[in-house]
Amino acid sequence: MEFPTDPNEMLRLRTLGELRLEENIPDAAIDRITAFARAHFKVATCLVTVIEAQRQLILSHQGFAGRETPRDISFCTYTILQQDVLVVADSHHDPRFRDNPFVRGEPFIRFYAGAPLTYEGELRLGSLCLIDPKPRSFSRGEQAELVMLAEHVVSVLVARTLNLPEPDLDGALSI
């Protein structure tokens, strides 16, 4: 299966390699964000992923077992192509996803909302995403909250990579 790529794909992949995010799995701060987001948005699953050349690497997961999926079936592959939150209210009505094995089978994705993990203002490395087996709407306010949480994920990832102090997440986790 083929998938769309970002015009900055080579720079994006090089940056992912330089950040060595896989070395920071698991990360308690990221896991707190995904646990909070799952409960706050009342969804079955919340993930933090990065999109590599051929796979989606899952850095944190709540409600999903596994550490990677093929990139060509990843919803997050589409999230990194845009600046805004990607919302799929009902995957059965979206031609990009209705035949996806994760829609047809476990985890039976119907609803998806993903905020890009944007690094240095332009490189979208992955996403903070919400998944549910029931279709639903996702308001502008909810999208703004998801973006704010994604920004906190990026700050934690960058702090880990550069050996900086952990950012204060107390305010972020009290939406």
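**The sheet and its helices**

Guide: In this predicted model, 6 strands make up an open sheet, ordered β3-β2-β1-β6-β5-β4, with antiparallel pairing. Strands β3 (68-70) and β4 (86-88) stand at the edges. Each has a single partner strand, so one side of each is left without a neighbour in the sheet. From one strand to the next, the twist averages 25°.

Strand β2 (residues 55-62) and β3 run antiparallel, joined by 3 bridges. Arg55 has Pro70 in β3 as its bridge partner. Arg55 also forms a salt bridge with Glu52; their closest N and O atoms are 2.3 Å apart.

Now the helices. Helix α2 (residues 28-41) lies across β1 (45-51), β2 and β6 (123-132). Its direction is at about 75° to β2. Helix α5 packs on the sheet too, touching β1, β2, β4, β5 (111-119) and β6. The directions of α5 and β5 make about 45°.

Look along α5 itself. Its 22 residues (140-161) should span 32 Å at 1.5 Å a residue, and the end C-alpha atoms are 32 Å apart, which agrees. Buried residues in α5 include Leu146, Leu149, Ala150, Val153 and Leu157. In an α-helix there are 3.6 residues a turn, so residues three or four places apart point the same way.

Arg110 and Asp90 meet through their side chains in a salt bridge, 2.8 Å from N to O. Arg110 lies in the loop between α4 (101-104) and β5, and Asp90 in the loop between β4 and α4, so the pair ties together parts 20 residues apart in sequence. Asp90 counts as buried, at 14% relative accessibility.

Terms used. Residues numbered from 1 in each chain as written. Predicted model: local features only at pLDDT ≥ 70, side-chain atom pairs only at ≥ 80, totals over all residues. Heavy atoms only, no water. Helix = DSSP H or I, 4+ residues; strand = E, 2+ residues; numbered from the N terminus. Expected span 1.5 Å × (residues − 1). Buried < 20%, exposed > 50% of the residue type's maximum accessible area, 1.4 Å probe, protein only. Pairing = 2+ DSSP bridges. Axes fitted to C-alpha atoms, helices over the stretch in contact; angles between N-to-C directions. Contact = heavy atoms within 4.5 Å. Salt bridge = Lys/Arg side-chain N within 4 Å of Asp/Glu carboxyl O.
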